[in-house]
Amino acid sequence: MKKLVLIGCGGIGAYHLEHLVQFKDIELAGFCDLLLDRAEDFALRAGGGKAYTDFITMYDETQPDMVFICVPPTCHGKIEFETIRRGIPFFVEKPLALDLSLAKELVRQVDAKGLIAASGFQCRYDNINDTAREFIQEHPILHVAASCVGGIPDAPWWNVKSTSGGQLVEQTIHQLDMLRYLLQSEPDTVYSVASRGYITQEESPGYFTDDLSTTLITFQNGVTCTMMTGCYSLNGAAWDSKMTFGSRSARMDYHLCEKVSLFGVNEADKTSETQGTIAGDGTQRKSENEVGVTVKNQIDFGLTCDRTFVDAVLTGDASRVRSPYRDAYKSVAFALACNKSMESGQPVKVVY
């Protein structure tokens with residue numbers, strides 16, 4: 001039986017552990033964290049495996065066949081280099097790194113070694129993506145209006161942009177990744193503006209990152225996009241986070257990992273049957289027939305994501321992995337280009 005170990009026994013590690021304990025064809029052999037009690041807790045929850053505070057010792061003793069790396073953004077590098085050197089297939093949480101040159105070197109070494117390696121862009125495995133891709137194929141997209149708004153996660157390193165990368169890099173990278181995946185096009189340029197001052201030190205001591213940012217994106221296929229992301233929300237009424245994909249006669253509201261709603265796809269909504277919805281002065285009027293079609297999430301996409309990686313290692317066939325390491329690197333480069341634009345105040349070319 002193949003042995004799996006996990007590095008990083010925090011919140012995201014626990015998310016993956018919930019999936020891994022369901023797999024009866026692998027052995028959970030070890031858990032590593034700087035805090036031994038957290039690693040011991042994971043071993044207890046897994047019903048086996050040894051707790052470690054040093055991942056090299058864990059590698060030496062367990063001789064794992066695969067590893068899940070679930071560490072904060074600034075902790076990438078040494079772990080991956082040693083993992084690659086030993087030829088251990090690995091699954092790593094996003095973002096791969098906050099330093100693009102480091103991420104690029106890791107990609108180079110993964111490719112040179114021919115390793116199976118993947119990243120945690122689990123939203124790619126959602127069943128709603130089949131509907132979304134079909135809509136985009138049938139309705140050429142002109143523009144995407146995207147947003148992701150929430151609160152401040154309960155992790156001290158997240159509050160500081162230098163250790164988290166900011167919300168756009170650490171969280172909203174999922175939306176950026178899905179834009180690439182759904183549009184099947186790469187970003188060309190980004191222009192990002194950040195805002196601060198809404199969240200105070202009294203409200204959140206030790207908080208030093210952007211409250212919100214707005215980015216204008218141009219894709220290589222000509223599609224434009226605006227992406228707004230903020231962590232200022234106090235309750236669910238603050239904003240409706242979604243991505244609206246607009247064509248000339250229909251649109252799709254894409255709620256990440258939740259549902260897609262299509263408008264203008266019913267027979268009654270087709271242009272030939274809704275004459276008069278565009279006024280003589282060019283003003284658009286809503287069609288009275290517009291009721292929409294909604295497809296909801298029906299699978300545990302996170303479980304599917306983890307199972308797909310494990311199966312890839314067990315079989316040696318990584319063709320079903322939807323976010324291989326090299327492709328995940330492109331989403332990281334996309335997000336880091338936005339940060340670079342915020343810093344420079346200028347548009348930035350996305351370079352891989």
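**Close-up views of a predicted model**

**View 1. Strands E8 and E9 pair side by side.** E8 and E9 run antiparallel and are joined by 8 bridges. The model shown here and in every view is predicted. Within this pairing, Val190 stands opposite Ile217 in E9. Ile217 is also among the contacts of Leu179. Leu216 belongs to strand E9, which covers residues 212-219. Leu216 is partly exposed, at 42% relative accessible area. Together with Tyr191 and Val193, Leu216 makes a nonpolar surface patch of about 250 Å². In a regular strand, side chains alternate between the two faces of the sheet.

View 2. Arg196 and Asp210 form a salt bridge, with 2.9 Å between the closest N and O atoms. Both residues lie in the loop between E8 (187-195) and E9, so the pair ties together parts that are 14 residues apart in sequence. How accessible is Arg196, buried or partly exposed? Arg196 is partly exposed, with a relative accessible area of 49%. Asp210, at 11%, counts as buried because the cut-off for burial is under 20%.

**View 3. The open sheet has 9 strands.** The strand order is E14-E13-E12-E11-E7-E10-E9-E8-E15. Pairing in this sheet is mixed. Which strands stand at the edges? They are E14 (293-296) and E15 (348-349). Each has a single partner strand, so one side of each is left without a neighbour in the sheet.

View 4. E11 (residues 243-246) and E12 run antiparallel, joined by 4 bridges. A hairpin of 4 residues leads from E11 to E12. Here Gly246 has Arg251 in E12 as its bridge partner. E12 then pairs with E13 (residues 259-263), again in the antiparallel sense, over 5 bridges. Arg251 stands opposite Phe263 in E13. The hairpin between E12 and E13 has 3 residues between the strands. In that turn, Cys257 has a positive phi of about 60°. How many residues of E12 are buried? The count is 4 of its 5 residues, and E12 (residues 251-255) is mostly covered.

View 5. Arg124 lies in the loop between strand E6 (117-119) and helix H6 (128-138), while Asp327 lies in helix H11 (residues 325-344), so the pair ties together parts that are 203 residues apart in sequence. Arg124 is buried, at 4% relative accessibility. Asp327 is buried too, with a relative accessible area of 19%. The pair belongs to a network of salt bridges that links Arg124, Asp177, Arg180, Glu186 and Asp327. The structure holds 21 salt bridges. Side chains of opposite charge can pair when their charged atoms come close.

**View 6. Asp240 and Lys242 meet in a salt bridge.** The N to O distance is 3.9 Å. Asp240 is partly exposed, with a relative accessible area of 44%. Lys242 is partly exposed as well, at 24%.

**View 7. The largest nonpolar core has 96 residues.** Which of its members touch the most other members? They are Phe90, Val144, Leu179 and Phe245. Helix H11 supplies the largest share of this core, 10 residues. Leaving aside neighbours within four places in sequence, Leu179 is in contact with Val144, Gln184, Ile217, Phe219, Cys225, Met227, Met243 and Phe245. A second, separate core has 5 residues, including Ala155, Ile199, Tyr207 and Cys231.

**View 8. Helix H1 packs through its buried residues.** In H1 (residues 11-20), the buried residues include Gly13, Ala14, His16, Leu17, His19 and Leu20. What do the buried residues of H1 pack against? Their strand partners are E1 (2-7), E2 (26-32), E4 (66-69) and E5 (90-92). Their helix partners are H2 (36-46) and H10 (301-315).

Conventions:
Residues are numbered from 1 along each chain as its sequence is written. This is a predicted model: local features need pLDDT of at least 70, side-chain atom pairs count only at pLDDT 80 or more; totals for chains, interfaces and linings use all residues. Side-chain values use heavy atoms; hydrogens and water are left out. Patches are made of residues with over 30% relative accessible area and no salt bridge: like charges are joined within 9 Å, nonpolar side chains (Val, Leu, Ile, Met, Phe, Trp, Tyr) within 5 Å. Accessible areas come from the Shrake-Rupley method with a 1.4 Å probe; for residues, only the protein chains shown count as cover. A salt bridge is a side-chain nitrogen of Lys or Arg within 4 Å of a carboxyl oxygen of Asp or Glu. Helices (H or I, at least four residues) and strands (E, at least two) are DSSP runs, numbered from the N terminus. Buried means under 20% relative accessible area, exposed over 50%, partly exposed in between (1.4 Å probe, protein chains only). A nonpolar core is a set of buried Ala, Val, Leu, Ile, Met, Phe, Trp, Tyr and Cys residues joined through side-chain atoms within 4.5 Å. Contact means heavy atoms within 4.5 Å. Two strands pair if DSSP finds at least two bridges between them.
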